[in-house]
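Student: I want to look at charged side chains first, then at the holes inside. Can you start with the term I'll need?
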Amino acid sequence: MKDLLDPLRSDAGHLSEPDRGLSAWLPLVEDLPMYFWESDPDHRFSFVSQGLERHLGLNPAERIGVPMMGGTRDLSFAGPRFQKHLAVLSARERYANFCFEKEVAPGQHAVLMTSGMPRHASDGTYLGLRGLTFNLTRAVNHAERDASLVDQIRARADALELELLRRNEEVEEANRLLTEVLDEMSEGLLVTDGDNLLDPDKRILMVNEGYRKLFGLEQGDVFPGQRLEDLIALLTERGDAVDGDDLNDLEHRLMKGDAVLMRIPSLERSYFARVTRRSAGGLIIMHNDVTELDQRNAELERARDAERHANHAKSNFLASMSHEIRTPMNGIIGMTDLLMQTALSPEQAEFVETIRNSAVSLTDLISDILDFSKIEAGHMNLERVPFGLHELAQDMSRMMTPMAEAKGLTFELGWDETLPSAIIGDKLRLRQILTNLVGNAIKFTEAGKVSLLLRKTGAGRLEILVSDTGIGIPASSIDTIFEVFRQVDNGWQREFEGTGLGLAITRQLAEGMGGTINVSSKASTGSCFTVDLPLLAVNREQPTPDRSDLEIPDLSEFKILLAEDNQTNQLVVRKMLGATGVYLDTVAEGQAACEAVAKMAYDLVLMDLSMPEMTGLEATEIIRCSELDMGRKPCAIVALTGNAFEADRSKCIAAGMNGFLTKPVRLATLIACLSEQLFSDPEIEIDLEDLCCADRRAARP
Ligand code: ADP
């Protein structure tokens, strides 16, 4: 049989353009990886085209008579498919695109795809098949390569999935660890969504075991996803109300970031709660159990209360003691002051001076003890009266020089001429500061000098420098010497006597005057204490009462009532005021004072506070009310008392008094106070309506 392609090829040469018939494509057919064939009725090759040689490398002549399906196997290696094809062949039916694999040479396989159709003679006799077969080996190889790429991708994806699983396990492990740690924590932890605690829709995102334990809750009582409001409702229903605070106020404080102490009486526990905002939104609420700390605090508070009570009792005791001592001291000092105003021989003057100095020292000692109790009780009572500063400095020099010289030291006083000679302040207290500092300087100096320098600073303040060439203060003690009962205790200072109160009082006084005290010191070299105080100069009209330059004012146009039960003190005041020419009446009792004021319009009443029957405070109230009833201008009332506490002063002012003098009253202070009250408009306006409220008057017969 001749090659099927040959007639086609020769036909193609005669094709006229544009011929779109099959023959036009024939030249391309040779390039297709395929061959034509025919079989006999027994399905042995009867013809094979040259394509077999070209595309499979097999000789067509050698194929003639060879069974068509010999040496072939099913591409899918699946028998049933091949069996089915054999059945189609034996049924002599047409088939298309059957794929199979053929061993074309030992070890060399080709993948083929074949289609065939039956051939019949004109009388219908079956002649065999005619077909064509494509060699798909190259295409299949390409596809296999592509398949391996897909496999690679699939393998990579599998590896990634494994990696993902591994990571997931790691994350889960970390999560387990975190949960374990959070649950082991004794702190209660609650994490919620939203940014506002008060938001009713806020939900719990996380809660740890610590939280459940703190509040005695079960798993089902608090859980992620729960509304915070429902949890609060549960706690409230159970009776776990927070003590004291209103819930809204508590929430506001928490949202401000405060650590808030919550006491829950029903659980007998106290918690510190704190809220922090999460950067990703939401809140972290931490609860710490501070029950024991809180209980200890409460115990401490109780102890402190008891101590405060005891202190109060001590202060009261000291106040009454000081009153008892101050009253006779008033007599002694007042009388010596008066005695010094009389004509005395030099020897007598010296004796009187000695009595006076002793009395003043004794008063100072009482003052020191009282000061200490006042400092402890937080009371401080400072006068603002004009006095001679230069005089005070010279007094100090007179007093301290002999003390220094007795130890072989020199004492120097430095005075800045730009300072005013008189200032307003509390002379006794300033004197106390100077005595303490200069006294210490002398006490702690063995050789060299002690100096006191008063000067005006650039800032217009009064600066007092007390320096010495003494033992100095070691750096380790410098911060504590101003504390009560603190003394430098390094063995070699034990020889010095003292209570450790002086500097504490001094600092308290300096600060009470609106100033500061500082020290610079070097052990074995010396110390320098610096007190810085506000400087209040006296204007010209103000009297500057001092013993030596005391001018007795003419008070003959005024009427004063003295209410004082102690006869010595009555005499002292009477004598002190004698030179002023003032009209003075005396009563020994509160009720009598009221009656006297009702009868006569006094300009001023000097009122002792503790009198029998009716106290000075009660008498003052009655006088103020009767003035209102009579429509009379209120007179000045000045307290005269041995009680030197600030609280007493406040009580006097509240009762309607204008001034306050403590015993022992000094001539200069009394004169200054009376002048101030009588000549100037009272500093404290007395509002009678305010003082004597209607119901108080109604209650009185
Ligand atoms: P005391 O009554 O003990 O003197 P103070 O309060 O006045 O109490 O002083 C406290 C302590 O400070 C003193 O005991 C002393 O150790 C130290 N001190 C005070 N002033 C001086 C000074 N000028 N030189 C050295 N040490 C001083």
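Tutor: A salt bridge is a side-chain nitrogen of Lys or Arg within 4 Å of a carboxyl oxygen of Asp or Glu. This is a predicted model, so local features need pLDDT of at least 70, side-chain atom pairs count only at pLDDT 80 or more, and totals for chains, interfaces and linings use all residues. Residues are numbered from 1 along each chain as its sequence is written, and side-chain values use heavy atoms, with hydrogens and water left out.

Student: How many salt bridges are in the whole structure?
Tutor: The search finds 26.

Student: Which residues are linked in a network?
Tutor: Salt bridges link E163, R166, R167 and E170.

Student: Where do R166 and E170 sit along their helix?
Tutor: Both are in helix α5, residues 137-184. A helix here is a DSSP run of H or I, at least four residues long; a strand is an E run of at least two, and both are numbered from the N terminus. R166 and E170 are four residues apart, so about one helical turn separates them.

Student: Buried, exposed or partly exposed: what is R166?
Tutor: R166 is partly exposed, at 40% relative accessibility. E170 is also partly exposed, at 42%. The cut-offs: buried is under 20% relative accessible area, exposed is over 50%, and partly exposed is in between (1.4 Å probe, protein chains only).

Student: Now α16. Which salt bridge does R624 form?
Tutor: R624 pairs with E627, and the closest N and O atoms are 3.0 Å apart. These two are three residues apart in helix α16 (616-630), so they are separated by about one helical turn. R624 counts as buried because its relative accessibility is 0%. E627 is buried as well, at 1%.

Student: What about a pair that links distant parts of the chain?
Tutor: Take D395 and R431. D395 is in helix α11, which spans residues 389-406. R431 is in helix α12, residues 427-443. They are 36 residues apart in sequence, but 9.2 Å apart in space, C-alpha to C-alpha.

Student: How far apart are the closest N and O atoms of D395 and R431?
Tutor: 3.3 Å, and the two form a salt bridge. D395 is buried, with a relative accessible area of 14%. R431 counts as buried too, at 16%.

Student: Why would they pair at all?
Tutor: Opposite charges can pair when the charged atoms of their side chains come close.

Student: OK, holes now. How many cavities are there?
Tutor: Three of 30 Å³ or more. A cavity is a set of points on a 1 Å grid over the protein atoms alone, where a 1.4 Å probe fits but cannot get out; lining residues have an atom within 4 Å of a point. Grid points are joined across faces, edges and corners, and the volume is the space filled by probe spheres set on them.

Student: What volume does the largest cavity have?
Tutor: About 100 Å³. Its lining includes Y35, W37, F45, M68, Y95 and K102. Two or more residues come from each of β1 (34-39), β4 (95-105) and β5 (108-120). β4 gives the most, with three residues.

Student: And the second largest cavity, what lines it?
Tutor: Y35, F45, V48, L52, L56, L58, R63 and K102. The elements giving two or more residues to this lining are β2 (45-48) and α3 (51-56). The volume of this second largest cavity is about 40 Å³.

Technical notes:
1 Å grid on protein atoms, 1.4 Å probe; cavity = no way out; pocket = protein on both sides within 12 Å on 5 of 7 lines; lining within 4 Å.
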